[in-house]
Amino acid sequence: MQCRLLRGLAGALLTLLCTGLLSLRYHLSLSPKGVQETPGLSPPSPWPPELQLKDVFIAVKTTRTFHHSRLELLLDTWVSRTREQVTRPHLVVTNCSAEHSHPALSCKMAAELDAFLASGLRWFCHVDDDNYVNPRALLKLLKAFPWTLDVYIGRPSLNRPIHASEPRPHNRTRLVQFWFATGGAGFCINRKLALKMAPWASGPRFVDTSALIRLPDDCTVGYIIECKLGGHLQPSPLFHSHLETLQLLGAAQLLKQVTLSYGVFEGKLNVIKLQGPFSSEEDPSRFRSLHCLLYPDTPWCPQLAA
């Protein structure tokens, strides 16, 4: 089973998922021989084909401590819709430290970005192992952005820009400020922008950049994009971490969110408010109940009486 494979891996683990859920077939061949003009229709567009979920690279950052308690839940729920692609080639043992420190987190983010750049896919999305990803909502969101733009989208954890001291020549520093998307809620970057980040983010450079400004991985992503490239974060309310009051989301809103989370916040269990089909004891994260709401045909979901 997939879960046994995950538990057998030693050290810090990075699970890389290239999603193919709900992929729409693109019937028109783009080769010169495959394109035929049809009376009354415009000639073929030079733009890329419509974005599909198979074009999206999702990286789930985790560590051995949570292989049983968190990853099995993800494999049973939203990852189950991409089961055929969650195979050993998508599991990367990073050899990064299992500590929750700036260097360890940045080491894993560097591995995520390098794997994405090598994949050739069109979008990179990072989530944590306590996130539920709604692929339908994710695809809808990403398709709204023109492919010609540099896109960095996510949820800021602060209501103001963060400040950092940037070392300068001759033992000087410069105070910079920038927005960043919190990694705990997930964020996405398109390939066009990710390629521009490479001088500060590829290989060992990401860890070096993080150490330079003495901030963790998600802050470092924002720093590179806003301070080095002049880009901007596109804030989205559709990404959620356990550091917000998740109970405020209504049941009707849940279906539209890109990511959701669970955890302990201010000493209390923080989960979405959702009635059934499982009790809070059976489903403390509420991810199973949410999954059955989104995918009622899931075999283990209780079948409601007609």
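Q: Why does Cys219 count as buried?
A: In this predicted model, Cys219 has 5% relative accessibility. Buried means under 20%, so Cys219 counts as buried.

Q: Is Cys227 buried, partly exposed or exposed, and what makes it so?
A: The relative accessible area of Cys227 is 23%. Buried requires under 20% and exposed over 50%, so Cys227 falls in between and is partly exposed.

Q: What makes Cys125 and Cys188 a disulfide?
A: Their sulfur atoms are 2.1 Å apart. The cut-off is within 2.5 Å, so the pair qualifies as a disulfide. The structure holds two disulfides.

Q: Which parts does the pair Cys125 and Cys188 tie together?
A: Cys125 is in strand 4 and Cys188 in strand 9, so the parts joined are 63 residues apart in sequence.

Q: Why is the disulfide of Cys125 and Cys188 called right-handed?
A: The torsion about its S-S bond is about 110 degrees, so the disulfide is right-handed.

Q: How do you know whether Cys125 and Cys188 are buried or exposed?
A: Cys125 has a relative accessible area of 3%, and Cys188 has 1%. Each value is under the 20% limit, so both residues are buried.

Q: What makes Cys292 and Cys301 a disulfide, and which hand does it have?
A: The sulfur atoms of Cys292 and Cys301 are 2.0 Å apart, and the limit is 2.5 Å, so they form a disulfide. The torsion about the S-S bond is about -95 degrees, so this disulfide is left-handed. Both cysteines are buried.

Methods. Residues numbered from 1 in each chain as written. Predicted model: local features only at pLDDT ≥ 70, side-chain atom pairs only at ≥ 80, totals over all residues. Heavy atoms only, no water. Helix = DSSP H or I, 4+ residues; strand = E, 2+ residues; numbered from the N terminus. Buried < 20%, exposed > 50% of the residue type's maximum accessible area, 1.4 Å probe, protein only.
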